[in-house]
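Please examine the sequence and the three-dimensional model shown below.

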Number of protein chains: 2
Amino acid sequence: MPLKIYLAGPEVFLPNAREMLDLKAAMARAAGFTPLSPGDLHVPRHPSMRGYAFAISEVNERMMLEADAIIANLTPWRGISADAGTVYELGFMCALDKIAYAYTNIAKRHFERVADYYHGRHATDAEGTPRGPDGLAMEDYELMDNLMLPGGAERRGGKVVIGNAAPDAVYTDTAAFAECLRLIAGHRP
Amino acid sequence: MPLKIYLAGPEVFLPNAREMLDLKAAMARAAGFTPLSPGDLHVPRHPSMRGYAFAISEVNERMMLEADAIIANLTPWRGISADAGTVYELGFMCALDKIAYAYTNIAKRHFERVADYYHGRHATDAEGTPRGPDGLAMEDYELMDNLMLPGGAERRGGKVVIGNAAPDAVYTDTAAFAECLRLIAGHRP
């Protein structure tokens with residue numbers, strides 16, 4: 001039985017959503033896996049927007065329960081951190097001790113992205129903690145996002161692959177995703 | 001046995017982290033619960049930053065496994081969406097079908113915050129989907145964040161409480177948190 005992999009990520013929001021979802025699914029199949037993609041584009045319309053949204057949530061969770069593994073696209077999304085839906089899904093799969101891999105297409109680390117957010121106006125406090133001008137502490141673990149994300153995947157034997165896509169291909173470059181597929185093929189629990 | 005509640009949120013990053021964590025824990029105890037707070041401030045230093053970060057990840061996950069419930073502070077964090085670590089933790093607890101409540105201290109909905117991010121320069125495409133000038137689709141489900149977050153909590157009988165804190169008390173106001181405690185006291189699975 002081929003491993004079933006849930007392909008989490010913000011692809012559903014792209015102008016070429018269908019094309020990107022199909023491309024990633026085809027790559028997963030070519031690597032010998034059964035892909036499961038977020039159901040946003042398949043869920044029938046619903047009289048209430050909330051009901052529609054919750055139907056998508058239910059479909060996605062059901063697919064995750066069925067999947068053996070997740071590959072989460074954690075590329076920063078409209079700001080510093082990964083898409084919140086994808087992060088929820090990574091936590092969901094880690095709690096179930098499924099095989100968890102992830103990638104980002106932006107090589108710059110979390111700390112540097114937060115420093116950019118503050119336009120470099122951060123400073124170190126008396127205890128040695130870097131803080132923004134708003135007083136909020138800046139984690140500096142040399143990681144790609146909040147520590148719970150790589151911690152959850154990598155402590156379970158998975159990996160967060162750090163890609164470095166061209167600025168105009170941040171959401172379409174598939175090199176880091178391909179590397180996740182390659183690593184899962186060799187994954188030993 | 002009092003219900004054990006994991007108090008997820010970005011409080012660990014506040015200038016008054018210890019004070020806020022203690023205040024929320026005291027409120028939870030006063031409401032008859034046993035609070036479990038993220039372990040970031042308790043984990044001993046480690047020779048490598050990565051090792052230290054992953055030790056925090058492990059401690060937090062162990063506390064979640066022990067907890068019966070989560071109250072996640074999903075107040076937007078350095079941008080549009082909730083703190084990524086907290087979102088991971090909400091997904092983690094929902095996967096385990098624990099009792100899941102959450103709150104935000106910012107009443108403005110996700111769609112409006114995304115519109116602010118684009119400085120109002122969004123437009124509706126030929127299919128009726130609102131998109132930013134970057135072409136990325138804007139979800140409009142009248143929800144407080146990505147649909148997976150309220151979907152996960154509320155489809156399990158929990159609730160996302162929408163607070164409306166003063167601008168200078170967005171990370172310290174406890175009214176919405178108190179309402180979560182009140183609701184959990186009456187929670188029936």
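**Where the chains meet**

Between chain B and chain A there are 6 salt bridges, a salt bridge being a side-chain nitrogen of Lys or Arg within 4 Å of a carboxyl oxygen of Asp or Glu. This is a predicted model, in which local features need pLDDT of at least 70 and side-chain atom pairs count only at pLDDT 80 or more, whereas totals for chains, interfaces and linings use all residues. Residues are numbered from 1 along each chain as its sequence is written, chains are lettered from A and ligands numbered from 1 in the order in which they are written, and side-chain values use heavy atoms, with hydrogens and water left out.

Two salt bridges involve A:Glu61. B:Arg155 pairs with A:Glu61, with 2.9 Å between the closest N and O atoms. A:Glu61 also forms a salt bridge with B:Arg156, at 2.6 Å from N to O. A:Glu61 belongs to helix α2 of chain A and B:Arg156 to the loop between α5 and β7 (160-162) of chain B, so this pair joins two chains. Over all chains, the whole structure holds 22 salt bridges.

How many residue pairs are in polar contact between chain B and chain A? The count is 20, with both residues at pLDDT 80 or more. A polar contact is a pair of N or O atoms within 3.5 Å; within protein, one must be able to donate a hydrogen and the other to accept it, and residues adjacent in sequence count only if both atoms are side-chain atoms. On the side of chain B that touches chain A, at least two residues come from each of α2 (49-66), α3 (84-95), α4 (110-117) and α5 (148-154). Here helices (H or I, at least four residues) and strands (E, at least two) are DSSP runs, numbered from the N terminus. With 11 residues, α2(B) gives the most to this side, whose residues comprise 32 nonpolar, 10 polar and 14 charged. Ala, Val, Leu, Ile, Met, Phe, Trp, Tyr, Cys and Pro count as nonpolar, Asp, Glu, Lys and Arg as charged, and the others, Gly among them, as polar.

Contact, meaning heavy atoms within 4.5 Å, links 56 residues of chain B with 56 residues of chain A. The area buried between the two chains is about 4,800 Å², and carbon and sulfur atoms give 65% of it. Buried area is the accessible area (1.4 Å probe) that two parts lose on being put together, summed over both.

On a 1 Å grid over the protein atoms alone, a cavity is a set of points where a 1.4 Å probe fits but cannot get out, and a pocket is an open set with protein on both sides within 12 Å along at least five of seven lines; lining residues have an atom within 4 Å of a point. Grid points are joined across faces, edges and corners, and a volume is the space filled by probe spheres set on the points.

The largest cavity contains about 390 Å³ of space. Among its 31 lining residues, A:Trp77, A:Ser81, A:Ala82, B:Ser81 and B:Ala82 are the closest to its centre.

The largest pocket contains about 600 Å³. Its lining has 29 residues, with A:Thr129, A:Ala137, A:Tyr141, B:Arg45 and B:Tyr52 nearest its centre. The second largest pocket contains about 500 Å³. Nearest the centre of this second pocket are A:Arg45, A:Tyr52, B:Thr129, B:Ala137 and B:Tyr141.
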